[in-house]
Amino acid sequence: MEASSDEGVQVIGYIQPQFGINFLGDDAAGNSLNTNSFYFNRARLGVVGNIPYDVSYYVMVDFSTFKNGPYLLDAFITYKGLGPWAKISLGQFKNPFGLELGTPCQALYTIERSMVVNELASPFRDLGVMVSGGTDTLSIFGLTNKNIFSYNLALMNGSGMNVMDPDRYKDFIGRLVFSPTSFLSLGTSYRTGQLINPDPAIDVADKRTRFGADISINYKNFILQGEYISGKDEGSKLVGGGCGAEPTPVAGTFNSNGFMVQALYMTPWQLQPVVKYESYDPDTDVDFNKNSTITFGFNYFINEWTRIQLNYLYNVEESSDVDWANYHEIANDALLLQLQVIF
């Protein structure tokens, strides 16, 4: 979200009241363990504005107590005096890694982000400086699409939002997107950095490396997206994270990877069916360790500012059993219904 006027303060935000059912099966006595609740996925309020000349600001707070709120989500200042070639932002913002993480929460095609993004792109937000820009209307290779190449380069603490950097190390994050046409984009992302080990007895810094590749096709009413992320953690690994969640450190060296593919079609009735498949392997050195989710659902757009999302998440855990009759799948599917209003 950006300010629509050249001067003054503009109040922005959105709320996502939600109802969820978790299908957890039965206990040994046959009693249902299913849970259901109404809650807020996100409840965000902020201000944006432009200051003459070439300076803008963005501040956003999440008030959802279900996501450990209220807390400062974003707060950064951007200098735009170099034109479309380079904008410089300083403060706290989302790190520029990957396709799905780069999609604003209020514009996600499914209610939840993919597991591989939650695990390997965290911490989602951090403090630092970022330079971003694109080729604007410059013709390259005879192509005339706007921003044939766009980029983001960021230097960030690597320790997450709203905290001081506990060490002298910084994370470098880069993203490059090639858009040869208005309906096709190919992206790649890279992140590397060091951080202190959570065990005070270990004085060797952990190392964290991430690589991502993605594709997005948006042709007429059809959308197809795919994203792959691989990661290597040496020393310890942060498990979890995402918007407002606190990642948990786990000791060891891990090679992880995963991907997601999703397809959508906008019908004439403003109803957009969606199907998404995702897979995540938290440790490629361990057999039968993958987790997969198939999401079925739809998005219904009441108007430009209001939508309804319904998602059924079918979760599958890989098993070492070769006897399919004894396949041990955990009862953890979910049904989510969300109403969103943007203002």
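**Bridges, strands, rings and a cavity**

Trainee: Is Asp-62 buried or exposed?

Mentor: This is a predicted model, in which local features need pLDDT of at least 70, side-chain atom pairs count only at pLDDT 80 or more, and totals for chains, interfaces and linings use all residues. Residues are numbered from 1 along each chain as its sequence is written, and side-chain values use heavy atoms, with hydrogens and water left out. Buried means under 20% relative accessible area, exposed over 50%, partly exposed in between (1.4 Å probe, protein chains only). The relative accessible area of Asp-62 is 0%, so this residue is buried.

Trainee: Which residue forms a salt bridge with Asp-62?

Mentor: A salt bridge needs a side-chain nitrogen of Lys or Arg within 4 Å of a carboxyl oxygen of Asp or Glu. Here the closest N and O atoms are 2.8 Å apart. The partner is Arg-44.

Trainee: How many residues apart in sequence are the parts tied together by Arg-44 and Asp-62?

Mentor: Strands (E, at least two residues) are DSSP runs, numbered from the N terminus. Arg-44 lies in strand β2 (residues 35–51) and Asp-62 in strand β3 (residues 55–62). The pair therefore ties together parts whose separation is 18 residues.

Trainee: Which residue of β4 is the bridge partner of Asp-62?

Mentor: Strands pair if DSSP finds at least two bridges between them. Eight bridges join β3 to β4 (residues 71–79), and the two run antiparallel. The partner in β4 is Tyr-71.

Trainee: How many bridges join β4 to β5?

Mentor: β5 covers residues 87–94 and runs antiparallel to β4. Thr-78 stands opposite Ser-89 in β5. The bridges joining β4 to β5 number five.

Trainee: What is the N to O distance between Asp-136 and Lys-146?

Mentor: Their side chains meet in a salt bridge, with N to O at 3.8 Å. Both lie in the loop between β6 (125–134) and β7 (149–156), so the pair ties together parts 10 residues apart in sequence. Lys-146 is exposed at 51%. The distance asked for is 3.8 Å.

Trainee: Which residue forms a salt bridge with Lys-170?

Mentor: Lys-170 is partly exposed at 37% relative accessibility. The closest N and O atoms lie 2.8 Å apart, and the partner is Asp-165.

Trainee: Why is the pair Phe-19 and Phe-38 tilted?

Mentor: The structure holds nine aromatic pairs. Rings of Phe, Tyr and Trp (its six-membered ring) pair if their centres lie within 6.5 Å; planes under 30 degrees apart count as stacked, over 60 as edge-to-face and the rest as tilted. In this pair the centres are 4.6 Å apart, and the pair is tilted because the planes stand at 45°.

Trainee: What is the angle between the planes of Phe-141 and Phe-149?

Mentor: Phe-141 is exposed at 68%, while Phe-149 is partly exposed at 25%. Their aromatic pair is edge-to-face, 6.5 Å centre to centre, with a plane angle of 75°.

Trainee: How many of the residues lining the second largest cavity are charged?

Mentor: The lining is Glu-100, Thr-103, Leu-108, Tyr-109, Gln-225 and Gln-262. Ala, Val, Leu, Ile, Met, Phe, Trp, Tyr, Cys and Pro count as nonpolar, Asp, Glu, Lys and Arg as charged, and the others, Gly among them, as polar. A cavity is a set of points on a 1 Å grid over the protein atoms alone where a 1.4 Å probe fits but cannot get out, and lining residues have an atom within 4 Å of a point. The lining divides into two nonpolar, three polar and, for charged, one.

Terms used:
Helices (H or I, at least four residues) and strands (E, at least two) are DSSP runs, numbered from the N terminus. On a 1 Å grid over the protein atoms alone, a cavity is a set of points where a 1.4 Å probe fits but cannot get out, and a pocket is an open set with protein on both sides within 12 Å along at least five of seven lines; lining residues have an atom within 4 Å of a point.
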